[in-house]
Amino acid sequence: MFAAERRQLILEMVRANGAVSLRELARVVQTSEVTVRRDVRALEAEGLLDRRHGGAVLPGGFTRESGFPQKSHLATAEKTAIADLAAGLVEEGEAIVVGAGTTTQELARRLARVPGLTVVTNSLLVAQALAHANRVEVVMTGGTLRGSNYALVGSGAEQSLQGLRVSKAFLSGSGLTAERGLSTSNMLSASVDRALVQAAAEVVVLADHTKLGTDTMFQTVPTDVITRLVTDEPPAHDDRAATELQALADQGVQIAVAGASGNHSAGEQGPAARQRGVPGPRRSQLPGAGLRSASVLGEQPAGTERGRVADLRRR
């Protein structure tokens, strides 16, 4: 297939889906990811699409949000590894909130094995993943269904979260930068995510390397409120993601890096599950951080976080 034909087919796929991974583009046009990456760069130079780490999207990422079908095909292996590592942060008997997203959906599938867990969510996909978990209680917010990501949004969702107190919030988004923190392209989704954050003592962001250095319209979690980032190892050539990770760590965000395979047991440590050290104390914290509601959580012994995340100092 000639370059012009490949690029036309790539452009048609992106226009039809909103966002497509390099892996999927390479499969359809029957060539290597290296060649597809070169084609995507050429199309970006013409203003016909925007590059994202691991894929391509329609131009104007600040205003357009991809729907669930498109997002579910991006960085799937990375999201699986992130979910495996993040699940190790959840203790038996905890109460947590889990926001909407394809990565949080992967996390929910693993949380089904945690006994005595209470999960508050505005995501139909998260609730569905936990629907048949015998020892997990699922509490859904109210609100209006937003079909593009199967999430409940609006004043009903936000009001149902008032007065709630849980130990951790697990959130994803459209982009993450050290300057603005986590952000998303939709105002209603951002507002509900902020309400989820207010309910939690700790905030854990799940973001694969394709979102690092990407900024979108609506801020959901400022950097100084993020307790921990769970991400995957950026490719060797991805200087932007590596720089962003360093900047986040410099601002006090704990960074846990998952391996791409995601096949490591809860106690395993090493290159597939390592944590970057935190230089200094947190600059700020959520109101009441570190407190737990006895009526929701019960007493949990201090320092019981699972050994899955290695406590390694930054070299």
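Student: In β13, which residue is the bridge partner of Ser 183?

Tutor: The bridge partner of Ser 183 in β13 is Gln 219. Two strands count as paired if DSSP finds at least two bridges between them, and strand β11 (residues 181-184) is joined to β13 by three bridges, with the two running antiparallel. This is a predicted model, in which local features need pLDDT of at least 70 and side-chain atom pairs count only at pLDDT 80 or more, while totals for chains, interfaces and linings use all residues. Residues are numbered from 1 along each chain as its sequence is written, and side-chain values use heavy atoms, with hydrogens and water left out.

Student: What is the order of the strands in the open sheet?

Tutor: Strands (E, at least two residues) and helices (H or I, at least four) are DSSP runs, numbered from the N terminus. Here three strands form an open sheet in the order β10-β11-β13, and the pairing is antiparallel. Because β10 (175-177) and β13 (218-221) each have a single partner strand, they stand at the edges, and one side of each is left without a neighbour in the sheet. Direction ignored, neighbouring strands of this sheet are turned by 40° against each other on average.

Student: Which helix lies across β11 and β13?

Tutor: Helix α9 (residues 187-198) lies across β11 and β13, and runs at about 20° to β13.

Student: How many residues of strand β14 are buried?

Tutor: Buried means under 20% relative accessible area, exposed means over 50%, and partly exposed lies in between (1.4 Å probe, protein chains only). Five of the five residues of β14 (residues 228-232) are buried, so this strand is largely enclosed by the rest of the structure. In a regular strand the side chains alternate between the two faces of the sheet. In β14, Arg 228, Val 230 and Asp 232 point one way, Leu 229 and Thr 231 point the other way, and all are buried.

Student: Which strands pair with β14 in the parallel sense?

Tutor: Strand β12 (residues 200-206) pairs with β14 in the parallel sense over three bridges, and in β14 the bridge partner of Val 205 is Leu 229. Strand β15 (residues 254-258) also runs parallel to β14, joined by five bridges, and in β15 the bridge partner of Arg 228 is Gln 254.

Student: At what angle do helices α2 and α3 pack?

Tutor: Axes are lines fitted to C-alpha atoms, for helices over the stretch in contact, and angles run from 0 to 180 degrees between N-to-C directions. Helix α2 (residues 22-29) and helix α3 (residues 33-45) pack at an angle of about 105°, with their axes 9 Å apart. Angles under 35 degrees count as roughly parallel, over 145 as roughly antiparallel, 65 to 115 as roughly perpendicular and the rest as oblique, and α2 is therefore roughly perpendicular to α3. Contact means heavy atoms within 4.5 Å; here Leu 22, Arg 23, Leu 25, Ala 26 and Val 29 of α2 meet Glu 33, Val 36, Arg 37 and Val 40 of α3.

Student: How do α5 and α6 pack, and at what angle?

Tutor: Helix α5 (residues 76-87) and helix α6 (residues 102-111) pack at an angle of about 50°, with their axes 8 Å apart, and they are therefore oblique to each other. Among the residues making the contact are Ile 82 and Ala 83 of α5 and Glu 106 and Leu 107 of α6.
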